[in-house]
Amino acid sequence: MTAQEIVAILKERFGPRIKAEKLDAIDPYVVIEPADLVEVCRFLRDDPRLQFDMLNCISGVDYCEPDPAKAAKAGFEPHLEVVYHLSSFVKRHRFVVKLILPRWKDNKPGQLPEVPSVASIWRAADWHERETYDLVGVWFTGHPDLRRILLADDWEGHPLRKDYVFPLEYHGIRGR
Amino acid sequence: MGWLEGRFEEGVITTTLEQAINWARESSMWPMTFGLACCAIEMMATGASRYDIDRFGAGAFRATPRQADLMIVAGTVNYKMASRVRRLYNQMPEPKFVIAMGACTCGGGPYYKYGYNVVKGVDLIVPVDVYVAGCPPRPEALLEGLMRIQDKVRAMKYLTKGQPLENLIPARSGYVKLPPELETPEKANEFAKRNKERAAPAKA
Ligand code: SF4
């Protein structure tokens, strides 16, 4: 099934809750609200025409230019994106769902933005969400076991954020 | 052994107890099975038939630190692993030796600048006897490192001189505070800019 048809099905079902779409990208995608995520994902998996039975990956992307001199030319407002790559073994098609989040919840630094977890829909989401939480700093509500997966449990900060400051010292071992 | 040598019938060798112990020790350097990243592949190649580390008596890779004399730290050590590396080192019986294999363990290697979770040199965690450079080092280089360890063992004088007083705390370890002008990234940037300006040739 082509991306146009998938988007048409989604629009017929969800109407204006599909915030944006881009069909001429290499991976065509739609943008939705975090609050609609679980519903849309369940529909994508269970609808007999779509049958997205596989979640390839979840990525967190930090759009941020830490250098104030370049920020004006960066061409985007600072924000986070969470990208879900889906594919279907049965129908042999692929699709991408994106969420756009603020970098911090309520613009308070330190408050992680929240996204509902899809681990109940695809089990693969479990570790992907832990990794996204670990490295990019997105809080997945309703996740069964949201701990850091790669870094140590007592690590501070989320290293793939563009404004991350490297630790000078970790448990008495100097860092630079 | 000086005047005693060759005084007896053929096939009898005389030596000192110390030399005999050292000879036995250097010819059975059992390393610990301990691979952390890509360098471990090269360490395995060194252990396999082509390079055959067993020729030097170091082929018995032990699965527990309590039976090992030599720790070959092969690969990137990250902060999460650091405490484990130190614990394994502490579990090894004396005398123990450490080879830092590869650029990563010598000083951070390719992850020096942007590796937020990589220890910049395993000598911040355990004392290192021999550094083997390379990314990854060739098996020959690792064998060379092993031979240097053996040299070190050969020179040990446990019985006559006792164990040398060693500073077992890694010399470079500890929290190092950056000078105040480099503390924050902004200050460091500014410092670099000032430096650049100062270095620019004055206009005539
Ligand atoms: S020194 Fe090179 S080969 Fe060895 S662990 Fe580091 S990156 Fe890998």
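In the predicted model, a salt bridge joins the side chains of A:R17 and A:D36, with an N to O distance of 3.4 Å. A:R17 is located in the loop between helix 1 (3-14) and strand 1 (18-22) of chain A, and A:D36 in the loop between strand 2 (29-32) and helix 2 (37-46), so the pair ties together parts that are 19 residues apart in sequence. The relative accessible area of A:R17 is 29%, so this residue is partly exposed. A:D36, in contrast, is buried, because its relative accessible area of 12% falls under the 20% limit.

A second salt bridge is formed by the side chains of A:R94 and A:D27, at 3.7 Å from N to O. This pair links distant parts of the chain, with A:R94 in strand 5 (residues 94-101) of chain A and A:D27 in the loop between strand 1 and strand 2, 67 residues apart. A:R94 counts as exposed because its relative accessibility is 58%. For A:D27 the relative accessible area is 29%, and the residue is therefore partly exposed.

A:R103 also takes part in a salt bridge, its partner being A:D163, and the closest N and O atoms are 3.1 Å apart. The loop between strand 5 and strand 6 (114-116) of chain A holds A:R103, while A:D163 lies in the loop between strand 7 (139-141) and strand 8 (169-170), so that the pair ties together parts 60 residues apart in sequence. A:R103 counts as buried, because its relative accessibility is 9%. A:D163 has a relative accessible area of 36% and is therefore partly exposed. Over all chains, a search of the whole structure finds 19 salt bridges. In chain B, a network of salt bridges links B:E26, B:E144, B:R148, B:D151 and B:R154.

Chain B contains seven helices and three strands, and from the N terminus on its elements follow the order α-α-β-α-β-α-β-α-α-α. Of the 204 residues in this chain, 36% are buried. Among the contacts in chain B with a separation of 6 or more, 75% are between residues 24 or more positions apart. The accessible surface of chain B is about 12400 Å², and carbon and sulfur atoms account for 57% of this area.

B:L17 belongs to helix 1 (residues 17-26) of chain B and counts as exposed because its relative accessibility is 59%.

B:Y79 is placed in helix 3 (residues 79-91) of chain B. With a relative accessibility of 3%, B:Y79 counts as buried. When residues up to four places away in sequence are not counted, B:Y79 touches A:W155, A:Y170, A:I173, A:R174 and A:G175 in chain A, and B:Y116, B:N117, B:V118, B:V119 and B:K120 in chain B. The C-alpha atom of B:Y79 is separated by 32 Å from that of B:D54, although the two residues are 25 residues apart along the chain.

The ligand is surrounded by residues of chain B, namely B:A37, B:C38, B:C39, B:G75, B:T76, B:G102, B:A103, B:C104, B:P110, B:G134, B:C135 and B:P136. Classified by residue type, this shell comprises eight nonpolar and four polar residues, and no charged residues.

Conventions. Residues are numbered from 1 along each chain as its sequence is written. Chains are lettered from A and ligands numbered from 1 in the order in which they are written. This is a predicted model: local features need pLDDT of at least 70, side-chain atom pairs count only at pLDDT 80 or more; totals for chains, interfaces and linings use all residues. Side-chain values use heavy atoms; hydrogens and water are left out. Helices (H or I, at least four residues) and strands (E, at least two) are DSSP runs, numbered from the N terminus. Buried means under 20% relative accessible area, exposed over 50%, partly exposed in between (1.4 Å probe, protein chains only). A residue is near a molecule or strand if one of its heavy atoms lies within 4 Å of it. Ala, Val, Leu, Ile, Met, Phe, Trp, Tyr, Cys and Pro count as nonpolar, Asp, Glu, Lys and Arg as charged, and the others, Gly among them, as polar. Contact means heavy atoms within 4.5 Å. Accessible areas come from the Shrake-Rupley method with a 1.4 Å probe; for residues, only the protein chains shown count as cover. A salt bridge is a side-chain nitrogen of Lys or Arg within 4 Å of a carboxyl oxygen of Asp or Glu.
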